[in-house]
Amino acid sequence: MLATLIRLLGDFDLAEEARQEAFTAALEQWPTRGVPQNPGAWLIRTGRNKAVDRIRRDAVFRTKVQGREIASIEADAEGVAEDTEGDTFGDDRLRLIFTCCHPALSREAHVALTLREVCGLTTQAVARAFLVSEETMAQRLVRAKRKIRDAGIPYETPEPAVLDQRIQGVLAVVYGVFTEGYALTSGTQLVDAEICAEAIRLGRLLDELLPMHPGVMGLLALMLLHDARRRARVSHTGDVVLLDDQNRTLWERDKISEGLMLVDRALSIPGQISPYAVQAAIAALHARAQRKEETDWPQIVGLYEVLLRLQPSPVVELNHAVAVSMVDGPARALNLIDSLAARGQVSEYHLLHAARGQFLQQLARPEEAREAYRAALAFATLEPERRLLMARLAGFD
Amino acid sequence: MQYLLLIYANEKEIAAMSPTALGSMTAEYMEFTKGIVQAGQFKAGDRLKSTSAATTVRVRNGQVTTTDGPFAETREQLGGYYLVDAKNLDEAIAIAGRVPGAKWGSIEVRPIWPPQT
């Protein structure tokens, strides 16, 4: 509903006020006059009327509506009132997502705006998730909305020529929201779980609005398969539990089965393979293994090789090396990691040093392994990960 | 809305271009300009002489002071501009992406304040 009001009024703040007033009016009128036949359309019509009244009353608001004549707002709103299918609501939400994830806005603004305007989280909740004060977050939102208005960022589904690129941008924002929650950065698991749940909700919404899109399905599958392991990956003392050591009975089967189904569908669509679908397929192979010994490592190595072609990055190379160690042993994996480290881009990446430490330990080279774990500890910032590394180091004594 | 597309490039690199390269750049610009004129998006556009011909003027305490060249030493310099009419930022970005200089320099897209009413 907010999405439709934003389209009709062309202004985020005006739309939010109009929605508030429409709800207030509904609370006053529905108990006595009954709920209207199409409550959604009624709320939008009422919200639009309230906004138009406000524009007429208050000349300051006139400048906010920038060229949108009251008459045209009224004409558009009539269309909504007649539309009982509800399709325009979906289209408007999609427009809103594309606007919030517009490439002309900063990455920080994307995430903040999406959680605030699309998911409807309060400014306070968004601020808490990103460890900034409510005031800072409010300012960030105000700046982003001002840029949308001043720069003329359209409230529209992008042109076909740039649509796919823009969808990729939206997926990156949604995945960014998810990893923010998954990386345990907020310090409280409850907040992190909520953020992951919002990201999954966004994924479902996109899957509904852009059906049969391989990237959307792949991303949703990836998030579900990772989130299914949430309860198993942190111990009751708040320590990280690695995949190998997780109690697999704690994995959420319903999320896994939905994820597995989505991966299969995403990979069966002809055309370009989405990197998200490949990552989800890797997660799916882990999820399918009831015991860690059943993990199909050769296929995981193969999928990482596909991913390296689609989207090469040091992180993917590192994960590939870890998978190789499970198939060909630690010596070959260590070679891969050392060649990655020699290129120098990731010398401060703690997980690279942690993996080196593990391979060296397996190769019975304890002195070098200890050195590698120390390097990992020097670069790790998150408390649970630091505790894990310290436990590894203590194992040498 | 109207947008100013500010074309930034390293003018030393432009100055060092061969006559052939310069010729094909000019041809690309003419082609691009013709395109936006035909599409009704063109309002104005010019190539600027190099910053070595620039003078910076300031008034402080009622005194006019002039200095040689632009204010800051930057890697890329303003070398030209287009003023275009575009439906929204997406259209302006699409036009900016077709400016030949976007391939070697950068284009800053700035919305113009609408006339005060």
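**Helix H10 of chain A.** I began with helix H10 of chain A, residues 160-182, and asked whether its length fits its residue count: at 1.5 Å a residue its 23 residues should span 33 Å, and because its end C-alpha atoms lie 33 Å apart, the two values agree. I kept in mind throughout that this is a predicted model. I then looked up which residues of H10(A) are buried, and found Val170(A), Leu171(A), Val173(A), Val174(A), Val177(A), Phe178(A), Glu180(A), Gly181(A) and Tyr182(A).

**The core.** I next turned to the largest nonpolar core, which holds 115 residues, and noted that Val174(A), Ala221(A), Leu225(A) and Ala280(A) have the most contacts inside it.

**Strands of chain B.** In chain B I followed strand S5, residues 77-85, which pairs in the antiparallel sense with strand S1, residues 2-9, over eight bridges; in this pairing Gln2(B) stands opposite Asp85(B). S5(B) also pairs in the antiparallel sense with strand S2, residues 42-47, over five bridges, and there I found Asp46(B) opposite Tyr81(B).

**Between the chains.** Last, I looked up where the two chains meet, and recorded eight residues of chain A in contact with five residues of chain B.

Conventions. Residues are numbered from 1 along each chain as its sequence is written. Chains are lettered from A and ligands numbered from 1 in the order in which they are written. This is a predicted model: local features need pLDDT of at least 70, side-chain atom pairs count only at pLDDT 80 or more; totals for chains, interfaces and linings use all residues. Two residues are in contact if their C-beta atoms, placed from the backbone, lie within 7 Å. A nonpolar core is a set of buried Ala, Val, Leu, Ile, Met, Phe, Trp, Tyr and Cys residues joined through C-beta atoms within 7 Å. A residue is buried if 20 or more other C-beta atoms lie within 10 Å of its own, exposed if 12 or fewer, and partly exposed in between; C-beta atoms are placed from the backbone. Helices (H or I, at least four residues) and strands (E, at least two) are DSSP runs, numbered from the N terminus. The expected span of a helix is 1.5 Å times one less than its number of residues. Two strands pair if DSSP finds at least two bridges between them.
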